[in-house]
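Please look over the sequence and the model shown here, and follow the paragraphs below with the three chains in view.

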Amino acid sequence: MKLFGALLCCSCCFAASTVIQNATVMTVTKGTYTGSIVIENGKIAAAGPNLPVPAGATVVDAKGKWVIPGIIDCHSHIAAESINEGSISVAAMVGIEDVLNPEDIAIYRALAGGVTSANILHGSADSIGGKCELIKLRWGKDAEGLKFQGGPPEIKFALGENPKRRGESGFGTGPQNLRYPATRMGVEDVIREAFTEAKAYQASWKEYEDKKAQGKVAIPPARDLKLEPLVEVMEGKRIVNVHCYRQDEILMILRVAHDFNFKPILQHVLEGYKVADEIAASGATASTFSDWWSYKVEAYDAIPWNAALMARKGIIVSLNSDDAELMRHLNTEAAKAMKYGDLTRDEALAMVTINPAKQLHVDHLVGSIEPGKDADLAIYDGDPLSTLSKVTQVYIDGDLYFDRDKDLAGRPEIEKERKLLITKAADRAKQDAKNAKKDTDKDKDKEKPSR
Amino acid sequence: MLSTKLNLPLLAILCAARAAHAAPPDAYLLHNARVVCVSSPTLERGDVVIRKGMIEAVGVDLKAPADAWVIDATGLTVYPGFIDALSTWALPGAAPPGPTARGTSAAQPAPTAPANAPPPSKGPEDRPLSATFYRAADHISPTDPVIATMRDGGFTTAVVFPTNNIFAGQGAVIDLAGDRPGSMVVAAPAGQYLSMKTNGFSSFPGSLMGTIAYIRQLYLDADHYKLAQSIYASHPQGLQRPAYDENLEGLNASPRALLPAHRAVEIDRMLHLAEQLKLKAVLYGGEEAWRWTGPLKQSGVPVLVSLKWPERPKEADPALEDPLRILEYREKAPGTPAALAKAGVRFAFFSDGLAKPADIRKSLKRALDAGLSKDDAIRALTLSPAEIYGIADRTGSIEPGKIANLTVTSGDWFDDKTKVKFTFVDGQQYDPQPEDTKKPEDAVKTTEATN
Amino acid sequence: MKPILILATAAALSPLAYGADNSTSYFIRGATIHTMAGRDISNGSILIRDGKILGVGENLTAPADAQVIDAHGMQVYPGMIDSFTDTGLTEIEMVRETSDNSELGKFNPQLSAWMAVNPSSEHIPVTRANGITASVPVPNGSLIAGRASMIHLDGWTVDDMDLNPTVALHINMPVIRTRTFHFPEGATERPFEEVHKDYLKELQELNKFFDDAHRYEKAKAANEPGFETDLKFEAMIPVIDGKVPVMITAMREREIRDAIAFADKQKLRMILAGGAEAWKVAAELKARNIPVVLRPTLSLPEEEDDPYDKPFTTPGELYRAGVLFSFGSYDAQFSRNLPYQAAAAVPFGLPHDAAIAGVTINAAKIYGMDKKVGSIEEGKIADLMITDGDPLEEQTHVKQLFINGKQVDLNNRQLRLYEKYKSRP
């Protein structure tokens with residue numbers, strides 16, 4: 001499958017256009033129909049029941065199959081070689097963009113689960129964590145090729161148990177390494193102090209620009225990579241993802257967000273249902289788990305109705321994975337929102353497609369099957385909201401990145417290549433050992449006459 | 001005359017020095033050898049005249065200068081002295097550029113803090129794991145036994161770097177012979193050695209992305225430092241005095257940056273970082289550079305290729321089969337030099353901790369087996385490293401006027417039976433140490449000609 | 001909205017108060033009954049009395065004293081059994097004080113999971129609300145971890161809940177693991193030779209413990225003066241006598257083969273737990289009649305180069321090889337999602353019926369409890385659920401649940417929180 005990733009996407013770049021025919025298409029935003037999707041230049045050119053096939057188009061017969069917009073995971077930690085800076089409470093200078101790993105097999109596995117975009121977040125060890133990176137799962141491309149073009153930059157904040165854990169004695173690194181904060185009070189303080197510092201930094205630049213404008217000699221402030229992202233947050237240019245659980249800290253961050261002028265994506269937000277009205281009023285959005293609970297104290301009040309309840313209160317809600325395995329079946333995670341909270345099929349599916357797109361400000365590009373959007377599509381052999389269906393094909397930008405048949409056909413090839421290389425390496429090791437022995441024997445021979 | 005007067009003390013020193021040793025001749029004629037000039041076509045039967053540490057003439061049937069000691073080199077081959085493009089030879093205490101400097105932070109156990117450990121670093125401002133000001137040239141140990149061992153293996157020159165920090169310090173090009181550190185240094189500083197080390201979970205940087213963020217901040221700070229110093233120098237009154245910073249001084253003094261890049265992902269990452277920071281970069285490692293020749297060629301960034309080809313660790317669990325990705329990494333690494341040569345990417349070799357000249361030659365032969373031409377291999381041991389470090393005007397090939405660093409062998413270097421007959425370092429002849437008595441205390445230079 | 005409907009429906013069908021006892025008789029009629037013992041019965045009826053299933057069929061008539069439940073359009077399945085769980089043994093994973101699943105010491109056959117189950121755990125009502133009526137809590141310390149029990153997910157006390165205090169002795173097979181990861185120190189590598197030595201030593205200790213148990217049994221039978229009772233060895237006697245199977249957790253092929261060899265050597269009845277690479281050993285498992293309690297199907301492949309769907313295809317492969325297997329959640333918080341672990345294997349080659357069997361009758365068979373639970377048959381304990389659809393589908397609701405013949409309250413902490421905050425002014 002590794003080998004085929006690269007081949008697949010090349011093979012289909014040549015076709016002028018692709019038409020997927022006879023499929024049941026869940027557009028998410030414009031209902032469900034049986035018919036075609038026309039893909040041109042990586043975009044959806046047309047979608048509807050009766051479409052003519054453009055001349056020279058590659059035709060994919062999807063009779064009996066279902067097509068949905070490629071799934072967007074709003075909270076993932078795959079495809080990166082480090083996740084948590086962890087050492088300091090304000091780590092805004094670090095960024096996932098610097099450590100993307102396009103060779104992480106988790107990308108391919110998630111792709112095979114219908115995911116086409118993923119929000120790769122910094123971890124939750126620091127009150128203000130690092131910059132995040134929205135990617136498309138373009139397996140076979142390099143780090144630049146993974147990046148989602150057209151969305152605003154992001155950053156991660158974290159509240160509650162995780163960021164304060166390093167302040168607890170007994171954390172293992174010794175008392176000299178205890179880190180502020182140790183309480184939720186301290187977490188708020190860290191964030192407010194950081195924004196206050198960022199404001200001063202912003203002001204120092206203004207002061208410099210003013211002096212320069214007046215023709216005065218001045219030394220420009222040194223660029224501060226920790227504070228620059230926070231300035232961007234205040235300027236509305238950078239999205240904040242906030243890891244949060246308890247209702248008190250949710251309200252806390254909403255106050256901070258109000259004071260410093262941002263509208264966060266609340267991540268996890270397991271007690272969001274308790275303060276749904278406040279979240280809705282603030283303009284913040286929510287990205288949560290379907291049914292996780294009890295893995296820590298702040299997750300004990302989690303309920304599987306959280307997503308539906310928040311959605312009913314008018315919050316844009318997405319369901320995320322935070323996990324390389326769960327990521328492979330977000331479609332059925334969405335189905336849980338039908339069980340717990342009676343969402344419609346479209347409302348449920350929206351939580352893993354158009355809603356995360358809206359949260360990440362990329363809904364003009366992805367998240368639904370509409371003409372003009374990126375041709376990011378997942379094809380299932382049955383109802384995508386059923387546990388009994390599986391993904392057969394996945395397209396990103398109109399290119400075929402996952403094809404189950406090709407995956408199956410390619411497996412013997414991989415196994416053969418692997419065995420071959422293992423044999424080669426073993427033979428070389430054997431030869432080396434033989435040579436080494438020869439050398440020792442030679443040395444022994446040399447020793448004989450002199451002794 | 002004035003000049004004579006001034007030179008008197010110098011003469012005294014020279015006389016004193018000569019008094020300590022038998023005075024070697026400073027003019028030689030190597031006669032009738034195969035001369036591999038590298039910068040010009042090989043002379044099948046050539047002569048080389050050496051005087052005062054420099055190559056005076058290269059040609060066919062040269063007339064022996066009257067004072068020259070004539071060495072009949074019939075049947076011998078003369079190469080430019082080999083250069084190890086990155087090592088810690090003659091720098092006792094500097095960790096070799098081995099696993100500790102390798103990129104993946106996840107695999108590294110966090111250092112355990114000793115009782116008197118410095119307080120945790122809180123950010124870039126604490127200049128963690130940085131000693132940009134550390135100059136290898138000031139720490140050369142002429143008695144390091146590795147000098148004689150490697151000289152016996154044909155190496156006359158090494159580019160040595162401290163390696164045990166993120167910013168480890170400034171390297172120096174040294175010749176592998178000499179009584180005093182000062183006389184060994186050919187050029188310094190050769191550049192700044194960077195690694196992707198982390199500081200564990202309780203001290204910044206705690207992750208690979210933290211390390212990269214720190215590197216970025218330090219280079220920005222260094223630029224600002226220069227600017228601030230110059231503005232202040234011209235307008236000291238009414239401006240706040242910029243603080244002195246030894247690490248920024250050290251960084252600004254370093255003419256190039258050596259960046260670790262083993263896997264393709266790392267090569268890609270470092271090329272982007274170098275481009276972003278406008279660094280004059282040199283990559284070291286290069287095991288997967290064969291996959292990245294296009295971007296390397298385009299960037300013009302040279303590669304120091306490790307001669308320690310990756311292998312399955314001997315202590316690995318035999319039941320665990322490596323994935324194809326790793327198997328390919330190991331299998332194809334020796335193909336890197338050939339691929340780089342074909343693509344026109346400048347590259348040199350470095351010993352990467354290999355302790356025996358025989359092992360170095362064995363590694364080189366694997367590169368030949370993988371398609372590298374002998375000429376390209378010799379170039380990567382001589383002129384290429386000189387070019388990479390900007391000293392091709394004084395060393396790296398056999399040309400009149402260049403430093404007389406020569407390796408004289410019994411035949412083609414890549415033939416197993418070939419031995420180093422003697423070397424010239426700075427115009428002085430060195431015989432290999434007798435094989436049976438190769439002990440550290442014997443690592444002193446021999447000065448008598450053997451012809 | 002729906003949860004109210006569920007409750008409303010349940011209340012309408014069953015006017016009696018929940019949870020009193022099982023003295024009420026029930027007559028469920030009109031449902032499609034998936035007995036998991038022969039064919040499905042459409043428009044069938046089930047009579048429940050004194051905790052037992054008294055009759056199942058198409059032509060039953062309701063006794064006068066029975067509470068009639070009209071289940072037209074509904075499906076009836078046996079209650080599901082989670083073959084490997086933490087439910088009841090841990091409340092909040094990260095709070096040590098709430099966890100009772102891992103004891104100190106290498107050899108703990110005397111421990112029994114059942115007695116440490118907290119009947120008041122919030123996990124129990126949450127889990128059963130999705131149709132899980134019984135589960136197997138398993139002690140999970142090192143080497144001989146303790147005895148797995150089978151419990152009902154309902155009861156005033158652990159005694160009420162107990163179905164069988166000892167269904168297997170759980171052993172964690174010694175593992176050769178050269179690379180370990182500790183937070184926050186990171187990964188550490190140890191040379192194979194060194195780890196292998198430790199492993200052999202542990203295997204030797206394990207064998208010695210079993211040999212000692214045999215010697216103890218002999219000495220006990222001899223009843224010579226001076227014989228001293230040892231609780232650990234007492235607990236081993238039913239195991240070495242073959243009355244209690246050993247359940248050996250092993251994931252990778254080598255560990256599984258080692259576990260089989262160990263069980264052969266000690267002449268033990270073996271259940272394999274985990275079995276991530278059981279597909280590589282399917283023929284041997286079949287030949288020795290070793291059943292498997294599979295780790296969650298929704299797992300990542302073991303190796304980078306393994307097919308992406310390896311964990312999904314594994315149950316189907318075992319099925320085709322004729323190996324008896326069931327599914328476990330290996331967890332507390334996700335125990336309720338047990339049916340979806342079975343479901344995940346269906347699109348990848350496991351027949352639908354076999355998936356259901358893996359969470360019902362086959363679990364009962366593996367633990368020797370199939371005479372009591374796991375299917376809807378006359379004489380069995382009345383553990384069953386009434387659903388509005390296929391329990392393998394996420395969208396399906398459990399409408400009513402019977403444990404031990406008693407209609408069980410589907411309300412739980414989460415539903416209460418939902419109701420509370422949904423109506424927050």
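**Where the chains and domains meet**

Across the interface of chain A and chain C, 5 salt bridges are found, a salt bridge being a side-chain nitrogen of Lys or Arg within 4 Å of a carboxyl oxygen of Asp or Glu. One of these joins Arg418(A) to Asp305(C), whose closest N and O atoms are 3.6 Å apart. This is a predicted model, in which local features need pLDDT of at least 70 and side-chain atom pairs count only at pLDDT 80 or more, whereas totals for chains, interfaces and linings use all residues. Residues are numbered from 1 along each chain as its sequence is written, chains are lettered from A and ligands numbered from 1 in the order in which they are written, and side-chain values use heavy atoms, with hydrogens and water left out.

The same interface of chain A and chain C also holds 28 residue pairs in polar contact, both residues being at pLDDT 80 or more; a polar contact is a pair of N or O atoms within 3.5 Å, where within protein one must be able to donate a hydrogen and the other to accept it, and where residues adjacent in sequence count only if both atoms are side-chain atoms. On the side of chain A that touches chain C, helix 2 (105–111), helix 10 (330–339) and helix 13 (404–450) of chain A each supply at least two residues, helices (H or I, at least four residues) and strands (E, at least two) being DSSP runs numbered from the N terminus. Helix 10 of chain A provides the largest share of that side, 5 residues. By class, the side of chain A that touches chain C has 25 nonpolar, 8 polar and 19 charged residues, where Ala, Val, Leu, Ile, Met, Phe, Trp, Tyr, Cys and Pro count as nonpolar, Asp, Glu, Lys and Arg as charged, and the others, Gly among them, as polar. In total, 52 residues of chain A are in contact with 52 residues of chain C, contact meaning heavy atoms within 4.5 Å.

The size of an interface is often given as the accessible area lost when the parts come together. Chain A and chain C bury about 4,800 Å² between them, 56% of it on carbon and sulfur atoms, buried area being the accessible area (1.4 Å probe) that two parts lose on being put together, summed over both.

Turning to chain B and chain A, these bury about 4,100 Å² between them, 59% of it on carbon and sulfur atoms. Phe201(B), Met209(B) and Leu324(B) supply 19% of the area that chain B buries against chain A, more than any other three residues. The contact involves 51 residues of chain B and 51 residues of chain A. Between these chains the count is 8 salt bridges, including that of Glu81(A) with Arg269(B), in which the closest N and O atoms are 2.9 Å apart, and 20 residue pairs are in polar contact, both at pLDDT 80 or more. Helix 4 (208–234), helix 6 (264–277), helix 8 (324–332) and helix 10 (357–369) of chain B each supply at least two residues of the side that touches chain A, and helix 4 of chain B gives the most, with 14 residues.

Within chain B, helix 2 (residues 145–152) is largely enclosed by the rest of the structure, because 6 of its 8 residues are buried, that is, under 20% relative accessible area, as against over 50% for exposed and in between for partly exposed (1.4 Å probe, protein chains only). The buried residues of helix 2 of chain B are Val146(B), Ile147(B), Ala148(B), Met150(B), Arg151(B) and Asp152(B), and they pack against elements of chain B including strand 7 (155–160), helix 3 (181–184) and helix 10. Just after helix 2 of chain B, Gly154(B) takes a positive phi of about 100°.

Chain C is divided into domain 1 (1–79 + 375–425) and domain 2 (80–373), with bounds that come from an automatic or database domain assignment. The C-alpha centres of the two domains of chain C lie 30 Å apart, and their contact takes 30 residues from domain 1 and 34 residues from domain 2. These domains of chain C bury about 2,500 Å² between them, 60% of it on carbon and sulfur atoms.
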